[in-house]
Each structure stands twice: as C-alpha cells, then as structure tokens.
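Please work through the exercises below with the sequence and the model at hand. Each task is followed by a solution in steps.

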Amino acid sequence: MSTSPTEQVSGVGGRADGNGRPPGLAGLALPSRIKLQEYALVGVVLALVVIGAVLKPDTFPTSDNFRAILTQASVVGVLAIGMTFVIATAGIDLSVGSVVAASGVAGGLVVDSGAAAFVGGAIGFGLGLGLVNGTAIAYGKVVPFVATLAMLAIARGLALLMSDKSPISLLGSDGVRWFGTGEIVGVPASIIIFAGIAIGGWILLNRTRYGRHVVAVGGNREAARIAGVPVRRVVFSVYGLSGLLAGLAAVLLSGRLASASPVAGELLELDAIGAAVIGGTSLAGGRATIVGTFLGVMVFAIMFNLLTQLNLATEWQQIVKGAIILGAVLIQRPERI
Amino acid sequence: MTEPILEVRGLVKEYPGVRALAGVDFEVRPGEVHCLVGPNGAGKSTLIKCVSGAVEPTEGQILIDGQPAVTGDPSRALENGVATIYQERDLVEDLTVAQSIFLGHELRRWGLLDRNRMRRETVEILRRLNHEAISPRIHVRDLRPAGQQVVSIARALSRHVRLLIMDEPSAILDDSEIETMFGIVRRLTAEGVGVVYISHRLDEIRRLGDRVTVLTDGRTVASGLPATTPADKLVEHMVGRKVGQLYPERRRGDHKVVLEVRGVRRLPDVKHASFEVRAGEVLGIGGLVGAGRSELLRAVYGVDDREAGEVLVDGRPVPPRRPDRSIAAGLGLAPEDRKSQALLLDWNLIKNVTLADVGRFQRGLIRTRVERAAAEEQLRALHTVPDDGTRMARELSGGNQQKVVLARWLLHQCRVLLLDEPTRGVDVATKAHLYRLIADLADRGLGVVVVSSELEELCGFCTRILVMREGELVAEVDGAEATELELLRHAMPDRQEMLAQTAVPAAAGADAGQEEV
C-alpha cells in the first residue's frame, strides 16, 4: 500500500504511543503489512545471494552474472510493473505473455522501415490489444479473468497468423538489437529501461492522483465512485498500460534474441503475476507496492539463475516457482478465517 | 425473586496492552430484558463474547443457573442455552429459511438430511414467534431485514435457549419493524427466556427493557437500574459527567436556496421528489426503511441515474451519473454505510480525507506534506480521535469514521452535504457531538440534508422535516413543531388502522410479519 511514503516523507512514525495517548483497543496500530513483506523480501534476496556465493563462489557472485540476472529480469520486470497496476484495481491480465509475442511480431513486420518503426509498432500493437482488454472489462463489464483469458488466445493466434508461424529475424537491425545488447555508460540498456519503468511506476502509483485512484478503485469501488473517482476510465487505462508495457517487454526480448518469435513469452503472465503477488500486492485489490513487485522479480530472477548454475532441470525450476507463489499467498491471506 | 440465569462477577479481559474489561458485574433473571448501554469501546462486545464463549476471560466468573460455566467454548455456551444474535446479519442469503435455521446442526435420518422434519420444526418455531406466515422454503435474500432477523432469532430458538443476547438488533430496522422485533422479545420473555439487549437508542430501553446496566471503559458504572431511568441520567453515567443538551439549538437557515431538486424520478424507489435546501439549514428527511430516502439522495447526488428531473446547485444544473461533476458543483454525500460505501478501511486517514480532491495537492507530484497538513486540519476541526492522519480508517470507532467522511467534504469546501443516517451505530454521547457538528456546518453556510430512521433526532434539531413514503415526499413539517407521532403518521402507508396497530406492539408485530411473505 502506498501509505508508507507518506510516513517517510513527513518523518513521523505515526504510532499511537508517540502521541502520549493511551493505546485503546483501536490503538494497537499494526505495522503496515506491506512494509513487513518488503523487509522480509529484502532478506530473501540477500539470503539467495549469500547461498549463491557459497554454493558457486566462482560463477555466482560476479558482476557479469549480476548483469545477466538483471538483464534476464528486465522483461518480466517491465510486465510485472504493469501487472501491479492491474492487480491494484482488483483485476488480472492473463494475456501479457501472448501480447508480448504478438507485439514482437507486429514490430518485426515493419522492421524494414527501421528500429524506430519496430519499437513504435510493437509498443503500439501492445497498447492496442491492452485497450481492447480495457474496453471489454471497463465498458463491456466482462470479468477481467475471462476477458484477458480470451485475449491470451487471440493474441497468440494473431502472432502465429501475422508471422506465418515462423520467427522473424531481426539480425539485420542493429537498432533493435541495441535493446538486448547495448549499453548506456556501461550498464545494459535493458536494465536502465527496467529501472526507469520501475521508478516511473513507483511515482505514478504513489505520488499522483492517477495512482491514488487506481488503488482506490481496487480497495473500494463504490466508495471511490461516490468520491468522484472516474472508475471506468481508471479500469480501462490500467489494461492499456499493461498492454503498452507488454509491447515494451517485446522490444527488450526481441532485442536480446535478435528475433521476434510467435511462440515467445509463454507463461510470462505467470511470472509477472507471481512477482507482484509475492511482493505484497493483493489480488483482492486496494493494496499495491512497486518496491515489492521489484523485489519479487529479483527473487525469481536470482532463483532461476542459481538453479540453472546448479544444473537443476527447468522442470524443477517450475515447481520451485509455483511453491514460492503458493507460500507467499499463504502468508498474505487475511487473519480473518 | 427468582434465581438469575446469568451472573457475571468481576469479569476481566485483557488483550496485549489493553484492558477491554476491567471488572464487570451483571446479572440477568428469567423473563427479563436487561439492557446494556455504554459508549463505543466500552467493552459491551467483549462482554458478550465472554458470555457466549467466543473469547476466554482473563479473570472473574460467569455463572449460568448458579453453576460456574466453562468459558472460552462457544459450543458449551450453546449447550447451556446461551444464544447470541450478533450485530452483523450472519445469514447465508442463498439458503432457504429452514436451511438457515438448522445450519450447523442439521437434522439427519439415515445419514441424510431430514428435510421434512426440519421444515416442520421451522414452521413450529416460527409459529412460536407468531410469524408462521414466513415460509420455510423461501430464500433468506427474499426477506426484508426484519424478516431476516426473525430467522436469526428462530435459529437461536432451534436450540434450547434460556438466555438470548441481542447486539444492536434494531440498527438495521425501521420503526415499524422494530415493533415487530419487540413483539417477539416480549413473547420470549413471557416464556421465561432472559434477554440481554444492547442498543444505542435510549428510547428502546424505556419501551422494552426491565433493567439497565451501564458499561464505561470496561467497568460497570451502574448495574441493574430500572429501565425508567431518565435518558440524561444514563448519558451522565456513560460520559461520567453532566452533558448539556442532547440536541443543539435549532438552526433557522437563510433565504438563499443552495440546492434545488425538481421532479426527480428513479423507479421503483423514487417516484417523484421536489424540494429545496437553503444555506444554513438542516433539512431532515424521515420515513420508513424502504421509503426511498437513500435512493433519493443517491439520485440527487448522481451516483445513480435519474429517469427524470433536475438538480440545481446555486441555480446551475448538475448532470446525473457524474459524481465528479456533482462534487465540483459543491455536493457531498456521506452514504448510509460508511464502511462499504465511503471509506477505504485499509487506507490511512489522510488518504481517506483527500480522496475526493487529491488533485489539488498535485503540482506534478502529490505534495504529501501539504496533503497531510490539510487533512489533519480538517480532522482536528471535527475533533476526530485520533487526529493523527497516518492511522488506518479501520482502527476508528463508528462516530470517528463518520467524521473522516465529513472531513473529506469540508476539505473540498462543499456547499450542500447529503448525510444518510449519519448517526447510525454511534453511541449517545457521540451522537450529541455529531448533532452539534452538523449544526456548526449549517452555521458556516452549508445546506445540510439529514436522512434518518430515528424520527426523534429529526424532531430534535432539524430546521424543516420532509417525510417520504413509498417513493414520494408526502409532507413538510416545521422542525420546531414536529412530533415523532406526527412524522410517523405521515410515514405510514395510508391506512389509519396501521397507526392504531403500532400503538399495540404485539399486533403491529404480527402485521408487519405478514408482509414478509
């Protein structure tokens, strides 16, 4: 939840006892649950790093490896930021993995006109599919789960259709490949972009009216409506944002692979949802944290990297990932029975 | 004098850091209605939970029929004949009446549900409650609140009950439905059942109760007073000092019309409504639950669509279905149900206060320091406890949550406040405080509309009172001259005999019950 920033900035812990008031029944202020979860996640990330350094002292704790981890994380990370906004409104976007594939292919179709056309095509196509989701959900009153499940199928179909079922090579476009291999002052471009989206997402969620409205819609739709929040427009917009970021993720992914594949991005929605949820964003809406999502992405990325270095089969990685998500949700479940 | 059914001696309940009960003594005799009153947070709910076995007391004794009861075990309490009807309706709306009554202790035969016997016994119990008109086969959702409450009581009776605990049973009922419920309580006490009755409405204590116990800060400050004890005396016990008048001086109002409602219609709830609100006045809207009052407020404010009619603020029309435009024009709505319609319980107070108007703090980004200062200024002005804006809305008492909602609209400098049941579920001392605050808002030049089911409070401090009946405004009464009886006469459907029946509670109860089917 975005209460924490308020507390930080104003520099007041804001607990009952600080005011010299006896803590009444209502005065047992609980530490914000999101805060606790974020601290715990920082601990988990550090623990994973330590475990990696102990088990693989030569290959794990190296700057090259950390660059690899962050580069790997950037695609899921960008998706997870968008997913956090969607989940904050008590929604879900199951279509992002397919939208990544369709956006990449859409960009690939126009790559001959240059890297800018590729980027514009991919992001524009992602945004378009996201807005279709948004229209169906906000104005057509389709349940998010169903609407985006349908889009999951549609976007994958579009990707296969537009690419004639085979990957489009992007080897000819240095501009596109820069998104996968390029650097800005020594830091991989994809990491910079991910960091920028994360920081931008944090500001948008915690420091703008729009972000306040997003969380309000998820926390109590009726109360938000009565308070003048344009509920439908907000719901519409988060799916657009999610689609747009899926387009951007397609750019990062295609740049790294130097091709746009119609079968790319499978199960990416699982990683994005999982990262947001283990970060502390509530699937019930009304509680969202970008910092948590970032940490959730890092947990997955480091775990993936470590298990690969330990030569654990991908089947095991899937099982571990699922178990982490389940565990995180169990921890989060409300105290009420 | 008969042996008490329930005796509570020196009961103490400690939670980490809090003493919710600090020595409570209390007894209930067979066949009596023992009322329990006290401000919010006085420990009434904790006391009930101890008696019903939901929580384990730290110290003290609970005696049932003179025998020490096993504490902390709800099923043992039920076996001892202690049944509790909690404030929140706890029925599953999709079940039928018979299923609801036997939920959790279904009757079985050969391992299968014995539905016939459950239905028969349901009919039997409902007959005992004089509500045989409720069919055991209809769904709970199709009953009105009063009918649902009859089912809750029937559920308690489906087990052998000696002591019935009722936590604010009247909060969701209107005046005629309350009579229905009183009728049932009187039948039960005639059978020798002891009743613990919790309510914030002191008039109910006079009408129904035999004795009163006042609880404050976890202690019994007065135990077993006669129910005829005057209201001011009870309030004095509660707040520990003399309170001034319950109601503030009646505001006269200005001539300037701030809100004009012309022929608003939203079927089936609102058939036709026209009225004006002047600056500086408190306009009451009374009527029975279901008369369309809340729906009228929502249509005026524009959360719900209007099929016809116009709403003008300061002479300028406000479009329907655009709460944001209503807010910009100067309207504010404090809805009936604070928790589900007004507040984000897991948000802090700052964000709850600024929700309708965060934009004004945004210069590029939200300036949280300015936001906090502005929100806390409003909270302080309304004497909200706590006024520390970083606290969660969930932690506040009902009265203070209501103030958070008021603060939201004051921050926005709204011109007309529409308050739907602003004092529901709030204790008497806080009510007096809210009345004063509302009157102060009128002094600032706001037009205030108060919808309430408590006709007494409307008579107490409104400038004018409109009465709504079956979707139409049927009467306007000057506040200073209004009486509860007159308002009730306007509010009741057009049959003189209905009025006669309210005077005889049991009969009215039976009649209201018929409508449920």
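The exercises that follow concern confidence, helix packing and domains.

This is a predicted model: local features need pLDDT of at least 70, side-chain atom pairs count only at pLDDT 80 or more, and totals for chains, interfaces and linings use all residues. Residues are numbered from 1 along each chain as its sequence is written, while chains are lettered from A and ligands numbered from 1 in the order in which they are written.

**Exercise 1.** Determine which stretch of chain B has a pLDDT below 50.

Solution. Step 1: pLDDT is the predictor's confidence in each residue, from 0 to 100. Chain B averages 85, and 93% of its residues score at least 70. Step 2: the pLDDT falls below 50 over residues 495-517 of chain B. Step 3: where pLDDT is low, the predicted coordinates should not be read in detail.

**Exercise 2.** Describe how helices α5 and α6 of chain B pack.

Solution. Step 1: helices are DSSP runs (H or I, at least four residues), numbered from the N terminus. Helix α5(B) covers residues 145-157 and helix α6(B) residues 175-190. Step 2: axes are lines fitted to C-alpha atoms, for helices over the stretch in contact, and angles run from 0 to 180 degrees between N-to-C directions. The two axes lie 9 Å apart, at an angle of about 20°. Step 3: α5(B) and α6(B) are therefore roughly parallel, a term for angles under 35 degrees. Step 4: residues are in contact if their C-beta atoms, placed from the backbone, lie within 7 Å. P145(B), A146(B), Q149(B), V150(B) and I153(B) of α5(B) make the contact with E177(B), T180(B), M181(B) and I184(B) of α6(B). Step 5: by class, this contact has six nonpolar, two polar and one charged residues. Here Ala, Val, Leu, Ile, Met, Phe, Trp, Tyr, Cys and Pro count as nonpolar, Asp, Glu, Lys and Arg as charged, and the others, Gly among them, as polar.

**Exercise 3.** Identify which helix gives the most to the side of domain 1 of chain B that touches domain 2 of chain B.

Solution. Step 1: by an automatic or database domain assignment, chain B is divided into domain 1 (6-239), domain 2 (257-330 + 414-511) and domain 3 (346-412). Step 2: 23 residues of domain 1 of chain B are in contact with 20 residues of domain 2 of chain B. Step 3: α6, α7 (202-208) and α8 (231-239) of chain B each supply at least two residues of that side of domain 1. Step 4: α6(B) gives the most, with nine residues.

Conventions:
Angles under 35 degrees count as roughly parallel, over 145 as roughly antiparallel, 65 to 115 as roughly perpendicular and the rest as oblique. Two residues are in contact if their C-beta atoms, placed from the backbone, lie within 7 Å.
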